[in-house]
Amino acid sequence: MTASHRRPLIAGNWKMNGSLKDAAELVQALAKDLGSVGHEVIVAPPFTALTVVGELLKKSPIKLAAQDMHWENAGAYTGEVSGAMLKDAGCHAVILGHSERRRLFGDTDATVQRKLKAALAHKLLPIVCIGETLEERESQRTFKVLETQVKGALTGFAPSDLSSAVIAYEPVWAIGTGKTATPEQAQEAHVFARRQVAALYGDGLAQGMRILYGGSVTPENVDSLMAQPDVDGALVGGASLKPIGFLRIIHYQAAVRS
Ligand code: PEP
């Protein structure tokens, strides 16, 4: 299977930014000027803006995602939001194991796996984030880290459960730093991550799984990243908050994908 069989996905992670008014303005600007787009486009606003943004997207092909979820359905989990609640709020997808969740809020491969199980049970499209720190890269541990993260989160499923799952390779040193992985570094990491999926579930599933790149994606660098055969999309943070720039990212030009 070649890259052309994997439908590209561009996702915007708004993180903890903006008022309801900002969220509404941003998504209205995106929806208004989206134009024709063959691939999948997702926005992940903060929890408080999900329903407002979801309402505004009702007639748009842009889909709604949450930035995290809890693995239980309901109960005494103060501050948490369940997959059932995300579905109820109109979510199509959920980001899991973002490095900020791992670094600042204690997410581990084991909790990401539990969240993944719950996301799949609620028919949410999971975007599972993996990626090495600068120190890990500089000490030649990138591949070991990626192997541990892929296996830690994705082990223990029936292959058919994972047919919708998406991985986002987001080197921690590239997130919000303005330092992007080179297209070659991204391609190398994606091929490696795909190989880990193949080792768990076979080549068929691995070749069909979309792997996004995230980390300082901009209108200027998206084309060369998306030209890589194993880069199936982008998870975009800061640059997804500006409609003109994000629309340019959505409409990347990468004719050489094969
Ligand atoms: C992210 O938050 O997933 C991300 C990649 O952020 P940025 O694009 O700002 O580096």
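## Basis of the model

The model is predicted, and local features need pLDDT of at least 70, side-chain atom pairs count only at pLDDT 80 or more, and totals for chains, interfaces and linings use all residues. Residues are numbered from 1 along each chain as its sequence is written, while side-chain values use heavy atoms, with hydrogens and water left out.

Helices (H or I, at least four residues) and strands (E, at least two) are DSSP runs, numbered from the N terminus.

The largest pocket has a volume of about 390 Å³. Of the 14 residues that line the largest pocket, the closest to its centre are Lys 15, Met 16, Gln 67, Arg 101 and Phe 105. Helix α4, residues 99–105, supplies the largest share of this lining, with 4 residues. Sorted by class, the lining of the largest pocket holds 7 nonpolar, 3 polar and 4 charged residues; here Ala, Val, Leu, Ile, Met, Phe, Trp, Tyr, Cys and Pro count as nonpolar, Asp, Glu, Lys and Arg as charged, and the others, Gly among them, as polar. A pocket, on a 1 Å grid over the protein atoms alone, is an open set of points where a 1.4 Å probe fits, with protein on both sides within 12 Å along at least five of seven lines, and lining residues have an atom within 4 Å of a point. Grid points are joined across faces, edges and corners, and a volume is the space filled by probe spheres set on the points.

The second largest pocket has a volume of about 160 Å³. Of the 15 residues that line the second largest pocket, Gly 176, Ser 216, Val 236, Gly 237 and Gly 238 are the closest to its centre. The lining of the second largest pocket consists, by class, of 5 nonpolar, 8 polar and 2 charged residues.

## Salt bridges

Side chains of opposite charge can pair when their charged atoms come close. A search of the whole structure finds 19 salt bridges, each being a side-chain nitrogen of Lys or Arg within 4 Å of a carboxyl oxygen of Asp or Glu. One of them joins Arg 6 to Asp 230, with the closest N and O atoms 3.7 Å apart. Arg 6 lies in the segment before β1 (9–13) and Asp 230 in the loop between α10 (222–226) and β8 (233–236), so this pair ties together parts that are 224 residues apart in sequence. Arg 6 is buried, with a relative accessible area of 3%, and Asp 230 is also buried, at 12%; buried means under 20% relative accessible area, exposed over 50%, and partly exposed in between (1.4 Å probe, protein chains only).

Lys 15 forms a salt bridge with Glu 100, the closest N and O atoms being 2.8 Å apart. This pair links distant parts of the chain, with Lys 15 in the loop between β1 and α1 (20–33) and Glu 100 in helix α4, 85 residues apart. Glu 100 is partly exposed, with a relative accessible area of 22%.

A further salt bridge connects Glu 40 and Arg 210, whose closest N and O atoms are 2.7 Å apart. Here too distant parts of the chain are linked, with Glu 40 in strand β2 (residues 40–44) and Arg 210 in strand β7 (residues 210–214), 170 residues apart. Both Glu 40 and Arg 210 are buried. Salt bridges that share partners join Arg 6, Arg 194, Asp 230 and Asp 232 into one network.

## Helix α1

Helix α1 has 14 residues and reaches 20 Å from its first C-alpha to its last, close to the 20 Å expected at 1.5 Å a residue, the expected span being 1.5 Å times one less than the number of residues. Its buried residues are Ala 23, Ala 24, Leu 26, Val 27 and Leu 30. Seen down the axis of α1, these buried residues fall within an arc of 165 degrees, so they line one face of the helix; the arc is that of the directions from the helix axis to the C-beta atoms. On the other side of α1, Lys 21 and Lys 32 are exposed.

## Single residues

Val 217 sits in the loop between β7 and α10 and is buried, with a relative accessible area of 4%. Leu 64, in strand β3 (residues 63–66), is buried, with a relative accessible area of 4%. The C-alpha atoms of Leu 64 and Thr 51, 13 residues apart along the chain, are separated by 9.3 Å.

Ile 244 is found in helix α11 (residues 243–250) and is exposed, with a relative accessible area of 74%.
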